Amino acid sequence: MKIRIRDMRAERSWTQEQLSERVGVSRQTIISIENGRYNPLLELAFKLAKVFRCRIEELFISEEEGREAEGP
């Protein structure tokens with residue numbers, strides 16, 4: 001799974017701490033998600049999508065979807 005949280009956070013010039021405060025989790029949780037060590041529960045995924053004003057699918061892209069988009 002490709003996780004775009006780091007990219008989307010950087011586009012907004014937010015620190016990990018700022019994002020963690022916006023969604024109500026620890027900075028360590030954000031670090032773990034960005035590094036692929038933790039897959040957030042659906043509730044947190046929805047909160048992340050809400051603060052980024054996007055769909056969950058834009059934050060978390062499955063490897064299969066990524067390959068399909070690249071083509072043969």
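Rings of Phe, Tyr and Trp, the last taken by its six-membered ring, form an aromatic pair if their centres lie within 6.5 Å, and planes under 30 degrees apart count as stacked. By this rule, this predicted model has one aromatic pair. The pair consists of Trp14 and Phe52, and it is stacked, at 5.4 Å centre to centre with 25° between the planes.

**The aromatic pair**

- Trp14 is in the loop between α1 (5-11) and α2, while Phe52 is in helix α4 (residues 42-52), so the pair ties together parts that are 38 residues apart in sequence.
- Both partners are buried: Trp14 has a relative accessible area of 14%, and Phe52 has one of 2%.

**Charges over Trp14**

- Arg22 lies over the face of Trp14, at 4.0 Å from the ring centre.
- Arg12 also lies over the face of Trp14, at 5.8 Å from the ring centre.

**Ser20**

- Ser20 belongs to helix α2, which covers residues 16-23.
- With a relative accessible area of 2%, Ser20 counts as buried, because the cut-off for this is under 20%.
- Apart from neighbours within four places in sequence, Ser20 is in contact with Val25, Ser26, Arg27 and Ile30.

**The protein as a whole**

- The protein has six helices and two strands, arranged along the sequence as β-α-α-α-α-α-β-α.
- It has 72 residues, of which 33% count as buried.
- Of the contacts between residues at least 6 apart in sequence, 51% join residues at least 24 apart.

Note on methods: Residues numbered from 1 in each chain as written. Predicted model: local features only at pLDDT ≥ 70, side-chain atom pairs only at ≥ 80, totals over all residues. Heavy atoms only, no water. Helix = DSSP H or I, 4+ residues; strand = E, 2+ residues; numbered from the N terminus. Buried < 20%, exposed > 50% of the residue type's maximum accessible area, 1.4 Å probe, protein only. Contact = heavy atoms within 4.5 Å. Phe/Tyr/Trp six-rings, centres within 6.5 Å; stacked < 30°, edge-to-face > 60°. Lys NZ or Arg CZ within 6 Å of the ring centre and 35° of its normal.
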